[in-house]
Amino acid sequence: MGQLRNFLLTFFLLAPAIAFAHGPTRQKLSLAVDVKAPPAEVWAVIGNFQDMSWHPAVFSSTGTGDNAIDATRVLTLGKEGGPTISEQLYKYDATKMTYSYRITAVDVAVLPVTNYSSHLTVTPTATGGSHIEWRGAFYRGYPNNDPPENLNDAAAIAAVTGVYKAGLDALEAKFGK
């Protein structure tokens, strides 16, 4: 009986510390824009996983596998020889105008996230235009407790928001609001 009492006492004394010892929380983000162009026109620009030239931060995109599941691409950012992000396609449905991919390699100094996955979808609006949604889920760049400011949740959310907003703003400029 004494061992049970000691175990319970130890458990209840350590339980609050255990509760505060958890790691990062998965963050989710969704941004969208409505544009004038019909969905087929928008999909013709963004529907090819291998071509992300529509995004202003992407200098070049190279890859293999076209739009097949497990296709890969490497995005070079900014300029020739700039930082890169490697990604892999895991869902693709041209009929529904949607695809999903994950980052397989990125320097957290470039994009302060880990375990990042994303979905890009085009749907029709009631006015004949398109609704473009870009959503993602990710963890901050620093997986342990007490992250540095540049790798914390706020930094991860701000960075992904910037990527999505720049891409959606470019599509809005191209297709009209």
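## Threonine 121

A residue is called buried at under 20% relative accessible area, exposed at over 50% and partly exposed in between, using a 1.4 Å probe and protein chains only. Threonine 121 has 15% relative accessibility, so threonine 121 counts as buried.

The model is predicted: local features need pLDDT of at least 70, side-chain atom pairs count only at pLDDT 80 or more, and totals for chains, interfaces and linings use all residues. Residues are numbered from 1 along each chain as its sequence is written, and side-chain values use heavy atoms, with hydrogens and water left out.

Beyond its neighbours within four places in sequence, threonine 121 is in contact (heavy atoms within 4.5 Å) with Lys96, Met97, Thr98, His131, Ile132 and Glu133.

## Aromatic pairs

Rings of Phe, Tyr and Trp (its six-membered ring) pair if their centres lie within 6.5 Å; planes under 30 degrees apart count as stacked, over 60 as edge-to-face and the rest as tilted. By this rule there are 10 aromatic pairs. Phenylalanine 49 and tyrosine 99 have ring centres 5.9 Å apart and planes at 85°, so this pair is edge-to-face. Both phenylalanine 49 and tyrosine 99 are buried.

Tryptophan 134 and tyrosine 164 form a stacked pair, with 4.5 Å from centre to centre and 15° between the planes. Tryptophan 134 is buried, at 0% relative accessibility, and tyrosine 164 is buried too, with a relative accessible area of 0%.

## An aromatic cluster

Which residues form one aromatic cluster? They are Trp43, Phe49, Tyr92, Tyr99, Tyr101, Tyr116 and Phe138.
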